[in-house]
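Here is a walk through a structure, going from its chains to single residues. Please keep the sequence and the 3D view at hand while reading.

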Amino acid sequence: MPEQTASPDIRTEDVERPDAAVVRDALGVGIAVGLSGFAFGVTSAGSGLSLAQTCALSLLVFTGASQFALVGALAAGGTPLTAAAGAFFLGVRNAFYGLRLSQLLALPRALRPLAAQWVIDETSAVTLAQPTRRAARIGFTVTGLSLYVLWNLTTLLGALGAQALGDTDAWGLDAAGPAVFLALLAPMLKTTTERATAALAVLLGLGLLPVLPAGVPVLAAALAAPAVLWAEGRRRNGGGDHAREEGR
Amino acid sequence: MNTWIAIAVTALGCYAVKLAGLLVPAGLLERPLVRRLAALLPVSLLAALTAQQTFSHGHVLVLDARAAGLAAAALALVLRAPFLLVVAAAVVVTAGARAMGA
């Protein structure tokens, strides 16, 4: 996650200084996360995808969690559509990043289809932390560009490396996928709602695994989110007249 | 072929939602319930995926070296280690546990 060195109250003696700070932040995130494309390349190739398929995923999908989810589901024997559905639902959060970014960046309509591919966790984190539109645009562009280039380069290297390594499981590389998921998940577990959702999803995901076709249990586990929201809403509204009064 | 279909569907779907965020009027997605659901959906998916990819092999639940690897990743996260180090910890510990016969 980005370190926010560009604090809004920084005194600007010369105009170049904040730009440089934004670029430094953006490159820090772009390089650190871009390098982890290596883990994806290895995991994907180790899951049995070809070099071309692995690289196509990083070039065209370019949202890490969805990519890991897809290759994991395919390796587990899921059908193309159930595997793609899990990856797609993970990607839905990017729409909400885009919503906030479009206001901040105020991109011309013609540029939006190009910029869209870069709307992901990391570019959003850097961009949303910037105090001005100029800084936001620089942050978005530099993070997006450095991350896109590096992520694809390291994906290629990882896939080539996996072919050279042979049995990637012997090197413990099958643990890279779950570790990436856990690292993405951990900062999201802020309140009881998120923790309850995660716990229910784990139970559903593991409990249904032996009985449902591959790829389906994870989709069923996604229902933990609406279930917890529903239970929370009920508790808030159904806790007697007193609670109902307070809720209004 | 099946794999290419999955890749094409995922690529189109993921691009479409990214573009939708930049194009749709803000009001459409700004309803509180939609926002909350969108924020919780990744939590449920990531939790389920973490558990499945650690504790299963095909349709069978298993406890093997990956559990040790995930525990190492969790420890690294608690210690606020950077992303790459978290992944590296999981890989190294899993490989080590396997080498010792777990």
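Two residues are in contact if their C-beta atoms, placed from the backbone, lie within 7 Å. By that rule, 84 residues of chain A are in contact with 63 residues of chain B. The side of chain A that touches chain B is made up, by class, of 63 nonpolar, 17 polar and 4 charged residues. The model is a predicted one.

Chain A can be taken next. It has 14 helices and 0 strands, and 52% of its 248 residues count as buried. Among the contacts within chain A between residues at least 6 apart in sequence, 69% join residues at least 24 apart.

One pair of helices shows how the two chains meet. Two packed helices are described by the angle between their axes and the distance between the axes. The crossing of helix 4 of chain A with helix 1 of chain B is right-handed. Here A:Ser66, A:Leu70 and A:Leu74 from helix 4 of chain A meet B:Thr3, B:Ala6, B:Thr10 and B:Cys14 from helix 1 of chain B. By class, this contact has 4 nonpolar, 3 polar and no charged residues.

Chain B also carries annotations from a record. In an unreviewed entry, UniProt lists residues 6-25, 37-55 and 67-93 of chain B under "transmembrane region". In the model, residues 6-25 of chain B are 90% helix and 0% strand, with the end C-alpha atoms 30 Å apart. Residues 37-55 of chain B are 100% helix and 0% strand, and their end C-alpha atoms lie 27 Å apart.

Most residues other than glycine have a negative phi. A:Phe62 has a positive phi, near 45°, and it sits in the loop between helix 3 (51-61) and helix 4 of chain A. B:Arg80 has a positive phi too, near 60°, and its place is the loop between helix 4 (65-78) and helix 5 (83-99) of chain B.

Is each of these residues buried or exposed? A:Phe62 counts as buried because it has 26 C-beta neighbours inside 10 Å. B:Arg80 has 10 C-beta neighbours inside 10 Å and therefore counts as exposed.

Methods
Residues are numbered from 1 along each chain as its sequence is written. Chains are lettered from A and ligands numbered from 1 in the order in which they are written. This is a predicted model: local features need pLDDT of at least 70, side-chain atom pairs count only at pLDDT 80 or more; totals for chains, interfaces and linings use all residues. Ala, Val, Leu, Ile, Met, Phe, Trp, Tyr, Cys and Pro count as nonpolar, Asp, Glu, Lys and Arg as charged, and the others, Gly among them, as polar. A crossing is left-handed if the near helix is turned anticlockwise from the far one by less than a right angle, and right-handed if clockwise. Helices (H or I, at least four residues) and strands (E, at least two) are DSSP runs, numbered from the N terminus. UniProt positions are given in the numbering used here, feature names are shortened, and annotations may be inferred rather than shown by experiment. A residue is buried if 20 or more other C-beta atoms lie within 10 Å of its own, exposed if 12 or fewer, and partly exposed in between; C-beta atoms are placed from the backbone.
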